[in-house]
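Please open the model in a viewer and keep the selection tool at hand.

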Amino acid sequence: MLWDAQAAEYARHGEESWALGAPRWGIWGVPESGLGVLPDDLSGKDAIELGCGTAYVSAWLACRGARPVGIDNSEAQLATARRLQEQHGLAFPLLHGNAESVPYPDASFDFAISEYGASLWADPERWVPEAARLLRPGGRLVFLVNAFLLTLCVPAEDGVAATDRLLRSAFGMHRVEWPGDPGVEFHLSHGDWIRLLRRSGFEIEDLVEVRPPDRATTRYPFVTLEWARRWPCEEVWKVRKRG
Ligand SMILES: C[S@@+](CC[C@H](N)C(=O)[O-])C[C@H]1O[C@@H](n2cnc3c(N)ncnc32)[C@H](O)[C@@H]1O
C-alpha cells in the first residue's frame, strides 16, 4: 500500500507538526494567523479529518476544544499518529478506513477538514458527497490542495519544479498519475470543484490562494519560492453545508 510505504518519510513532519504551538499549513508551513483556515470557535464541535495521516491537524483541533476523529486508509500512518497521541497525552478516535465511505451516521459532525489527505488522494466524486453526508446542516468543510494552476505547470519528471508554461490541458483534468509514481491524485478545475460542491449540498464561502511569506521554505521539489510568490501553488476551499 502506497502510504504504508511512505509513512516513515512522513513521521518526522508529523512529529514536528504535533509539537507546534499553533497550526502551520501546507507545503510552506504558512501560519494559521495569516491564513485563517480554521473556524474561530471549535470548542465542543464534533470534527473529522479525512485522510488524517499522522493526525497533527486533528491534534490542533483537539487543542482548540473540538472532539476530532481521524480516518486514514494507511495503518502505518495511523501507527505514527497513535505513537504521537501517546507522547502528547492526547486521545481521540483514529479509524482505519476509506474517507470515501466513513462508518459514521449522517450528520455526525460540525466540521470536516482535509489537508492534502482525501482532498488530493480520494475520488472527489465520492469523498465530497460523503463529507456532506457526515456534516450537520450549516457544518463546514475546509480542504487544502495543490492549486490547479500549479498542476498545469509542473513537469512530469520527478524532482523538477513548476515552470512558467502550461504543460498539460486544463479541460478534462481529473485523475492524474505521474510517471514513476504509484499514487493516483485527483485535480479538478475551479469550475468542476464549484459544480461538485454545490451539487453535493455545499455553498462556497471562500477560496484562499496561498501565498507563502518571503523566505518561506519547503521540502518539496515541485515548486520554487519564486514561483509560489508570483502564482498560487496551493489553495484552501472553505464551504458550508446548506440547511
Ligand atoms: C500527504 S498525507 C496527508 C495527511 C496529513 N496532513 C499528513 O501530512 O500526514 C495523505 C494521507 O491521505 C491518506 N489517504 C489517501 N487516500 C485516502 C482515502 N481514500 N481514505 C483515507 N485516507 C486516505 C493517506 O493514507 C495519507 O496518510
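A cavity, as the word is used here, is a set of grid points where a 1.4 Å probe fits but cannot get out. The model on display is predicted, and a search of the whole structure finds one cavity of 30 Å³ or more.

**First stop: the cavity**

Select L120, V145, N146, F148, T151, F186, H187, L188, W193 and E235, which line the largest cavity. The elements that contribute two or more residues to this lining are β7 (135-146) and α7 (148-153). Colouring the lining by class gives six nonpolar, three polar and one charged residues.

**Second stop: the ligand**

Now display the ligand and the 19 residues around it; Y56, D72, Q77, N98 and A99 come nearest. By class, this shell divides into eight nonpolar, nine polar and two charged residues.

- Q77 places a polar side-chain atom 2.8 Å from an oxygen atom of the ligand.
- N98 has a polar side-chain atom 2.9 Å from a nitrogen atom of the ligand.
- E115 has a polar side-chain atom 3.2 Å from a nitrogen atom of the ligand.

Is S101 buried or exposed? S101 has a relative accessible area of 52% and therefore counts as exposed, the cut-off being over 50%. For a view across the model, draw a distance from the C-alpha atom of S101 to that of E235: the two are separated by 25 Å and lie 134 residues apart along the chain.

Then select A107, which is also placed in the loop between β5 and β6. Although A107 is not a glycine, its phi is positive, at about 55°. A107 is partly exposed, with a relative accessible area of 32%.

**Last stop: the loop between β10 and α9**

Finally, select R215 in the loop between β10 (202-210) and α9 (225-230). The relative accessibility of R215 is 71%, so R215 counts as exposed.

Conventions
Residues numbered from 1 in each chain as written. Predicted model: local features only at pLDDT ≥ 70, side-chain atom pairs only at ≥ 80, totals over all residues. Heavy atoms only, no water. Near = heavy atom within 4 Å. Polar contact = N/O pair within 3.5 Å; in protein donor to acceptor, adjacent residues only side chain to side chain. Nonpolar A, V, L, I, M, F, W, Y, C, P; charged D, E, K, R; others polar. 1 Å grid on protein atoms, 1.4 Å probe; cavity = no way out; pocket = protein on both sides within 12 Å on 5 of 7 lines; lining within 4 Å. Points joined across faces, edges and corners; volume = space filled by probe spheres on them. Helix = DSSP H or I, 4+ residues; strand = E, 2+ residues; numbered from the N terminus. Buried < 20%, exposed > 50% of the residue type's maximum accessible area, 1.4 Å probe, protein only.
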